Amino acid sequence: MSHDLRRIMKVADRPPLVMVEGKGSWLWDSEGRKYLDFVQGWAVNCLGHSPDIILDALNDQARRLLNCSPAYYNEPMARLATLIADSTGLDEVFLCNSGAEANEGAIKLARKWGSRHRGGAFEIVTMEHGFHGRTLATMAASGKPGWDTLFQPKVPGFPKVPLGDLEAVRKAVTPETVAVMLEPIQGEAGVFVAADDWLRDLRKLTRDLGILLILDEIQTGIGRTGRMYGYEHAGIEPDIVTLGKGLGGGTPIAALVASAGASVFEYGDQGGTFNGNALMAAVGCAVVTAVRAPGFLDSVATSGRYLAERLGVLAAELGHGEVRGRGLLVALQLQGRDATKVARAALDRGLLINAPRPDTLRFMPSLTVSRDEIDGMLERLRLSLDSAT
Ligand SMILES: *Cc1c(COP(=O)(O)O)cnc(C)c1O
C-alpha cells in the first residue's frame, strides 16, 4: 500500500514510514514492520498504545455525550477537575487541549494576578534551555537556543536565568516580576533535573518575594518520574501547575491548575471551543485513576531504576557518558556518537528512541513497560550504538 504524503505540511523531518497500529510497547507500520516504542508519542502514551482502560473510557463516554460546548458543565469535566485538584493539592482546574495552551493559560493567569496584586507587573522569569510549547508566548517563555530570533516580534516579558542558579533568579526579579516558571526536569533540553534542595530554596524565595511559582509538569506529571508529580520529590507546593502529555494517555487533553489565591480569572478571560469536552475528560479520569491505583507508581519507580541501572552498565562498557533522569524519563549522554544517527540506526533495528540533542538519547517508554521490553530495548540499542558511526 502506498501513501501520498505530499500534502502534509513539512514541519518535521519524519522517516518515510506510516504507522498503522499500536499495542502496549509496540507499534506497527503499513509494511507490517514492528517497533519497540521508547518514545510513546513523546512521553504521552503513559499506559502504552491503545490500552483497554482508554478504549473503554472512550467507548462508554462516546455513547453518552461527546461534547456539549464549554458553555455548560459536563460530568467528566467535573470528575477530572476533582481528581486533579485532589492529586495536586491545588484548588481549581481549567481543562484544555494541549500543553502549549495550558502554559499560555498559566502565563495569562500570572499576568492577571500581577495586574491585581502586583501593580500591573507581568514579567515571568524562565529558564535557559526550558521548553514550554510552540505558541508565540510559550516560544518566548522557552529558552531553546535559536528560538529567540524566530517569528519576530517576540512576546516580551520572559527574562531567562540558568537552571539551578538561585542568585540569578533573585537578580532577575524586579517590581515588574509576577512569577518564576520552570520544568522540574527539563525534558526537551535533554533531561536535566532541577535539584530538590534548589527547588525548595526557589519555593522559599518566590514566597519571600511575593511572586508565583509556576511548574510546567507537562512532561513530568502523571507518574512519569515515579511520583504523581515531579515536584513531590522536593516536597514543595507550587502556585500553578500545567499538565498535558500523559494526562490523556494518547488523546489530546491538558490542564491548568491553580491555588485559590492564584486562580483569578474572571468570566471571559479564558476559554476555548473544545475545553473540558466530555470525551477527552472521560479519558483523563480513566488515566489519572489508573496511575493513582495502589502499586502503580512503585512499579514505575522500580522500572525506572532498572532502566537507569542497565543503561549505566551499557554506558560504562561502551565508554559513553552519564545516565540522567528520574523514573521513566531518562537520558543517556553519548561519547563520540551522533545521537540522531543512533536513533536512525535504532529505527532500522525496530526500536524507537528520541535524540533531543546531538549527544543525548532520551527514553520515555510506557509507564507499564516490562523488564523484558527494557532488556529488548537495550539489546537493540547496543547494536545501534555499534553501527552508527
Ligand atoms: C511537550 C511539552 C510542552 C508542550 O505541549 P504541547 O502539547 O506539545 O503543546 C510544554 N512543556 C513541556 C515541558 C513539554 O514537555
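**Close-up views of a predicted model**

**View A. Helices α2 and α8.** The crossing of helix α2 with helix α8 is right-handed in this model, which is predicted rather than determined by experiment. The axes of α2 (residues 52-64) and α8 come within 9 Å and cross at roughly 145°. On the α2 side the contact is made by I53, I54, A57, L58, Q61 and A62, and on the α8 side by A278, L279, M280, A282, V283, A286, V287 and A290. Sorted by class, this contact between α2 and α8 has 13 nonpolar residues and 1 polar residue, with no charged residues.

**View B. Helices α3 and α8.** Helix α3 (residues 75-88) packs against helix α8 (residues 278-291) at an angle of about 35°, and the two axes are 8 Å apart. The crossing in which α3 passes α8 is left-handed, whereas that of α2 and α8 is right-handed. From α3, the residues P76, M77, R79, L80 and L83 meet A278, A281, A282, G284, C285, V288 and T289 of α8. By class, the contact of α3 with α8 has 9 nonpolar, 2 polar and 1 charged residues. A278 and A282 of α8 are listed in this contact and are also listed in the contact with α2.

**View C. Helix α8 by itself.** Helix α8 is mostly covered, with 13 of its 14 residues buried.

**View E. Surroundings of L182.** L182 is found in strand β7 (residues 177-182) and is buried, with a relative accessible area of 0%, where a value under 20% counts as buried. When residues up to four places away in sequence are not counted, L182 touches M127, H132, L163, W198, L199, L202, L213, I214, L215 and D216. The C-alpha atoms of L182 and G130 are separated by 6.9 Å, although these residues are 52 residues apart along the chain.

View F. Most residues other than glycine have a negative phi, and most peptide bonds are trans. Q40 has a phi near 50°, a positive value in a residue other than glycine; Q40 is found in helix α1 (residues 40-43) and is buried, with a relative accessible area of 0%. I222, which is not a glycine either, has a positive phi of about 55°; I222 is placed in the loop between β10 (212-216) and β11 (240-243), and at 2% relative accessibility I222 counts as buried. The peptide bond from Q152 to P153 is cis, with omega near -5°, and P153 has its place in the loop between α5 (136-141) and β6 (160-161).

**View G. The aromatic pair Y229 and Y231.** The count of aromatic pairs comes to 2. One of them is formed by Y229 and Y231, which are stacked, at 5.7 Å centre to centre and with 5° between the planes. Both Y229 and Y231 are buried.

Terms used: Residues numbered from 1 in each chain as written. Predicted model: local features only at pLDDT ≥ 70, side-chain atom pairs only at ≥ 80, totals over all residues. Heavy atoms only, no water. Axes fitted to C-alpha atoms, helices over the stretch in contact; angles between N-to-C directions. Helix = DSSP H or I, 4+ residues; strand = E, 2+ residues; numbered from the N terminus. Left-handed = near helix turned anticlockwise from the far one by under 90°. Contact = heavy atoms within 4.5 Å. Nonpolar A, V, L, I, M, F, W, Y, C, P; charged D, E, K, R; others polar. Buried < 20%, exposed > 50% of the residue type's maximum accessible area, 1.4 Å probe, protein only. Phe/Tyr/Trp six-rings, centres within 6.5 Å; stacked < 30°, edge-to-face > 60°.
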